[in-house]
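Colleague: I have just opened this one and would like a guided look around. Could you walk me through some of the packing and a few individual residues?

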Amino acid sequence: MGEEVAQQEFSRADRTRHREKVRRNLDVFARMLREAAFDTDDPMTGLEMELNLIDEVGDPALKNAEVLEAIADPDFQTELGQFNIEINLAPAKLREGGLSTFEDSLRRSLNDAEEKAAKVGAHQVMIGILPTLAEGHMTLESLSANPRYKLLSEQILAARGEDITIAISGRERLTTTADSIVPEAACTSTQFHVQTSPDQFAAYWNAAQAIAGIQVAVSANSPYLLGKELWRETRIPLFEQATDTRSEELKAQGVRPRVWFGERWITTVFDLFEENVRYFPALLPVTDEEDPLEVLESGGTPKLHELRLHNGTVYRWNRPVYDISQGVPHLRVENRLLAAGPTVADTIANAALWFGLVRYLAESERPLWSQMSFSAAEENFHVAAQLGVDAQVYWPGIGQVRATELVVRRLLPMARSGLDSWGVPAEESDRYLGIIEQRCLQETSGAAWFVERVRQRGGADRFDALRGALLDYRERMHSNEPVHLWD
């Protein structure tokens with residue numbers, strides 16, 4: 001969804017033509033997997049982060065256009081809501097100090113951007129859901145000005161045929177409706193990318209799915225929505241509901257949701273793209289003039305525009321990515337299930353855990369996914385989102401175990417071995433995995449800290465307490481001291 005979409009209306013003929021083109025793309029992609037040379041020699045990793053904007057008192061600042069103009073840095077881009085921006089870091093190789101490079105680059109860019117954004121009355125916050133969002137922000141007027149966002153909102157609401165219902169039960173309960181996809185804008189995330197070969201893709205994707213619950217348990221950072229304390233990672237149910245194109249009747253019929261954990265382990269990357277085409281109608285049926293087969297047979301690399309655009313509107317928590325760099329195609333797993341923050345150091349620690357674990361598990365002689373059901377991985381994911389560091393998860397050979405104990409006793413050594421395989425310097429592994437270890441030992445996270453801070457302000461009005469806690473959070477965020485060291 002990062003690209004411009006100019007067309008605003010689609011006829012029935014547009015949709016038919018687009019479906020045919022998507023399927024032709026899929027056929028060409030299958031042939032490329034058999035015949036083409038993908039870039040696999042020296043895998044790159046990447047990181048993107050979505051940020052929230054607040055004003056001086058901690059309320060949302062609907063100023064992303066002004067902020068981006070002030071920052072004037074192409075690494076920063078617009079996001080769905082006017083209270084969001086996104087930063088994309090340059091890809092890096094882990095064996096060349098990529099983790100430290102990500103941290104240094106991110107801190108430098110965010111500090112520079114913060115100085116410039118402050119001049120227009122906005123401040124950046126790394127948190128999954130802005131705790132001070134109120135019902136008044138959940139309107140179409142809060143969408144960013146780029147017409148693609150309004151178009152996407154219209155297409156999702158048209159496919160659904162009724163307003164979006166948000167119903168989440170946690171420690172408290174929230175029920176509300178929206179006439180646009182603005183609730184999706186409340187969900188800001190960090191995305192980790194790892195490049196892999198076609199042959200290894202399935203192993204990396206399966207590994208990422210298997211550890212999704214573990215990631216969320218030890219990194220949850222979205223405990224409040226519209227003034228209510230809900231799940232520790234409320235982004236998960238909110239995103240699932242905010243982009244749901246299904247009516248209640250379609251849900252009862254078993255139609256798949258567009259925000260999707262998936263339903264099975266895969267054997268090839270083609271499985272995912274083929275499922276996307278088979279199960280989901282196009283939201284944005286914009287058709288390019290490229291003939292992908294002609295391009296391939298003439299020795300070129302097809303852009304597969306329609307397949308990539310369609311893939312961008314099926315919101316898998318671990319998404320397959322086909323891309324082209326310097327004329328050469330490559331594949332990536334995009335991990336998109338974590339919130340940003342609380343600090344840059346915490347974010348890079350989350351990245352280290354993920355990069356290390358997926359490498360270790362993908363290359364293990366006995367695949368983890370041969371020892372556990374897919375439904376167990378999905379159950380872990382949702383339980384972890386609800387309970388955070390208090391979650392009990394299933395793990396093969398152990399059974400039910402507290403997620404934090406599993407990480408300390410079993411998974412951190414695996415992650416360290418995986419980072420060694422990447423060629424990550426030992427001092428980097430020690431620092432970043434040490435942050436994860438301390439979070440687990442102290443049973444804390446961004447979400448746990450924030451909830452406790454709000455409770456300490458128990459006598460205050462809820463939104464006053466949220467504003468105060470958010471300003472305390474922002475101050476500590478700038479220290480880059482990991483959250484386990486916060487008071």
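Colleague: Let's begin with helices α3 and α13: at what angle do their axes cross?

Modeller: Please keep in mind that this is a predicted model. In it, the axes of helix α3, residues 98-118, and helix α13, residues 344-362, come within 10 Å and cross at roughly 150°. Angles over 145 degrees count as roughly antiparallel, so α3 is roughly antiparallel to α13.

Colleague: And which residues make that contact?

Modeller: From α3 the contact takes in Leu99, Phe102, Glu103, Leu106, Arg107 and Leu110, while α13 brings Val344, Ala345, Ile348, Ala351, Ala352 and Phe355. Sorted by class, the contact of α3 with α13 has ten nonpolar residues, two charged ones and no polar ones. As for handedness, α3 passes α13 in a right-handed crossing.

Colleague: What about α13 and α16, how do their axes cross?

Modeller: The axes of α13 and α16 come within 8 Å and cross at roughly 100°. Angles of 65 to 115 degrees count as roughly perpendicular, and α13 and α16 are therefore roughly perpendicular to each other.

Colleague: Which residues meet there?

Modeller: On the α13 side they are Ala345, Asp346, Ile348, Ala349, Asn350, Ala352 and Leu353, and these meet Arg431, Tyr432, Leu433, Ile435, Ile436 and Arg439 in α16. By class, the contact of α13 with α16 has nine nonpolar, one polar and three charged residues. Ala345, Ile348 and Ala352 of α13 are listed in this contact, and they are listed in the contact with α3 as well.

Colleague: Staying with α16, how far apart are its end C-alpha atoms?

Modeller: The end C-alpha atoms of α16, which covers residues 426-442, are 24 Å apart, and this agrees with the 24 Å that its 17 residues should span at 1.5 Å a residue.

Colleague: Which of its residues are buried, and what do they pack against?

Modeller: The buried residues of α16 are Glu428, Ser429, Tyr432, Leu433, Ile435, Ile436, Arg439 and Cys440. They pack against α3, α7 (212-219), α13 and α15 (403-422).

Colleague: What follows α16?

Modeller: Next comes Glu443, whose phi is positive, near 50°, although Glu443 is not a glycine. Glu443 sits in the loop between α16 and α17 (446-456), where its relative accessible area of 37% makes it partly exposed.

Colleague: Now Ile87, is it buried or exposed?

Modeller: Ile87, which has its place in strand β3, residues 84-88, counts as buried because its relative accessibility is 0%. Setting aside neighbours within four places in sequence, Ile87 is in contact with Leu47, Glu48, Met49, Leu51, Asp75, Phe76, Leu106 and Ser109. Of these, Glu48 is 39 residues away from Ile87 in sequence, yet their C-alpha atoms are 5.8 Å apart in space.

Colleague: And Glu56, where is it found and what does it touch?

Modeller: Glu56 is in the loop between β1 (45-54) and α2 (64-71), and with a relative accessible area of 53% it is exposed. Not counting residues up to four places away in sequence, Glu56 touches His123 and Leu471. The C-alpha atoms of Glu56 and Ala122 are separated by 7.3 Å, although these residues are 66 apart along the chain.

Colleague: One more: is Arg476 buried or exposed?

Modeller: Arg476 is buried, with a relative accessible area of 14%, and its place is in helix α18, residues 462-477. Leaving out residues up to four places away in sequence, Arg476 touches Thr343, Trp449, Arg453, Trp486 and Asp487.

Terms used: Residues are numbered from 1 along each chain as its sequence is written. This is a predicted model: local features need pLDDT of at least 70, side-chain atom pairs count only at pLDDT 80 or more; totals for chains, interfaces and linings use all residues. Side-chain values use heavy atoms; hydrogens and water are left out. Axes are lines fitted to C-alpha atoms, for helices over the stretch in contact, and angles run from 0 to 180 degrees between N-to-C directions. Helices (H or I, at least four residues) and strands (E, at least two) are DSSP runs, numbered from the N terminus. Angles under 35 degrees count as roughly parallel, over 145 as roughly antiparallel, 65 to 115 as roughly perpendicular and the rest as oblique. A crossing is left-handed if the near helix is turned anticlockwise from the far one by less than a right angle, and right-handed if clockwise. Contact means heavy atoms within 4.5 Å. Ala, Val, Leu, Ile, Met, Phe, Trp, Tyr, Cys and Pro count as nonpolar, Asp, Glu, Lys and Arg as charged, and the others, Gly among them, as polar. The expected span of a helix is 1.5 Å times one less than its number of residues. Buried means under 20% relative accessible area, exposed over 50%, partly exposed in between (1.4 Å probe, protein chains only).
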